[in-house]
Amino acid sequence: MHIEAIKVRRLYLEIANQIEALITSGQLESGERLPSERDLAQRFEVSRPTIREAMIALEIGGLVEIRTGSGIYVRDQVVDRPGLRDEGPGPFEILEARRLLESEIVTLAAARITSAQMDELEQALELMEQEDQKGSISEEADQRFHCILAEASQNSALASMVSWLWDLRNRSEISALFHERVREEGVHPSAKEHRAIFEALQNRDPLAAQQAMRSHINQAIAADRELLDKK
């Protein structure tokens, strides 16, 4: 009896695979412009962020070229193109997972964070604010802040989950390219939003900390979606 393992359903990859089939079969020809992301989202009945993830997967696979302000075009077929591969969860999936997880983690941290961890968090925040004055906040400073906060929950399982989500983001070529594009458009982590989280923890206020964290990640999701709406 032949049994195939059940794989996690990744919408962006399923969409990318369908478009790859249209390209390889010749239904979409070299140089042809694809429908807009809005149109594709309607046809596939998915969100525009999912379409954007699929387009980046196709770009990495050497199948399409994304031309800012012009559209998405089928590349000339080449023999040595890397092709599609499963990159794991897409960038919006990771952000949504972080919103659920970190909004709860921060309530534990408000009650359990130590003085030493508050000092570490403040140092990370000050680094972010210094970088913000120079024009942008690095991914490293942002990650450090969130991982210190997760450790402050005093729950190693939760801290490991947050670290794993950041590792997914850093290892995934799709996520890396997506966030690179977002940064090029001038969207960066907000020092002000991180300061609000820090002050809520300083006041040992779990509700305020939760609201500040949820607002912070919601703003990140909204900013990324706003960029899609401009395209």
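This is a predicted model: local features need pLDDT of at least 70, side-chain atom pairs count only at pLDDT 80 or more; totals for chains, interfaces and linings use all residues.

Me: What share of the contacts with a separation of 6 or more is between residues 24 or more positions apart?

Reply: Such residues account for 73% of those contacts.

Me: Now the aromatic pair: why is the pair of Phe-92 and Phe-178 called edge-to-face?

Reply: Two values settle it. A pair of aromatic rings is described by the distance of the centres and the angle of the planes. Here the centres are 5.3 Å apart, and rings pair if their centres lie within 6.5 Å, so Phe-92 and Phe-178 form a pair. Their planes stand at 75 degrees, and an angle over 60 counts as edge-to-face, so that is the label the pair gets. The structure holds 1 aromatic pair.

Me: What makes this pair a tie between separate parts of the chain?

Reply: Phe-92 lies in helix H4 and Phe-178 in helix H8, so the pair ties together parts that are 86 residues apart in sequence. Both Phe-92 and Phe-178 are buried.

Me: How do you know whether His-146 is buried or exposed?

Reply: Its relative accessibility is 0%, and buried means under 20%, so His-146 counts as buried. His-146 sits in helix H6, which covers residues 139–151. Neighbours within four places in sequence aside, His-146 is in contact with Arg-98, Glu-102, Val-162, Trp-166, His-194, Met-213 and His-216.

Me: And which label does Arg-10 get, buried or exposed?

Reply: Arg-10 has a relative accessible area of 17%. The limit for buried is under 20%, so Arg-10 is buried. Arg-10 is placed in the segment before helix H1 (11–24). With neighbours within four places in sequence left aside, Arg-10 is in contact with Asp-86, Gly-88 and Pro-89.

Me: What about Ala-159, buried or exposed?

Reply: At 17% relative accessibility, Ala-159 falls under the 20% limit, so Ala-159 counts as buried. Ala-159 belongs to helix H7, residues 156–171. Not counting residues up to four places away in sequence, Ala-159 touches Ala-150 and Glu-151.

Me: Which label does Asp-39 get, and why?

Reply: Asp-39 has 33% relative accessibility. Buried is under 20% and exposed is over 50%, so with a value in between Asp-39 counts as partly exposed. Asp-39 is found in helix H2 (residues 37–44). The C-alpha atoms of Asp-39 and Ile-51 are separated by 9.8 Å.

Me: What about the phi of Arg-204?

Reply: Arg-204 has a positive phi of about 55 degrees, although Arg-204 is not a glycine. Arg-204 is in the loop between helix H9 (191–202) and H10. Its relative accessibility of 42% lies between 20% and 50%, so Arg-204 counts as partly exposed.

Me: Last one: what lines the second largest pocket?

Reply: The second largest pocket has a volume of about 250 Å³. Of its 18 lining residues, the closest to the centre are Arg-183, His-188, Pro-189, His-216 and Ala-220. H4, H8 and H10 are the elements that give two or more residues to this lining, and the largest share, 6 residues, comes from H10. By class, the lining has 7 nonpolar, 5 polar and 6 charged residues.

How values were computed:
Residues are numbered from 1 along each chain as its sequence is written. Side-chain values use heavy atoms; hydrogens and water are left out. On a 1 Å grid over the protein atoms alone, a cavity is a set of points where a 1.4 Å probe fits but cannot get out, and a pocket is an open set with protein on both sides within 12 Å along at least five of seven lines; lining residues have an atom within 4 Å of a point. Grid points are joined across faces, edges and corners, and a volume is the space filled by probe spheres set on the points. Helices (H or I, at least four residues) and strands (E, at least two) are DSSP runs, numbered from the N terminus. Ala, Val, Leu, Ile, Met, Phe, Trp, Tyr, Cys and Pro count as nonpolar, Asp, Glu, Lys and Arg as charged, and the others, Gly among them, as polar. Contact means heavy atoms within 4.5 Å. Buried means under 20% relative accessible area, exposed over 50%, partly exposed in between (1.4 Å probe, protein chains only). Rings of Phe, Tyr and Trp (its six-membered ring) pair if their centres lie within 6.5 Å; planes under 30 degrees apart count as stacked, over 60 as edge-to-face and the rest as tilted.
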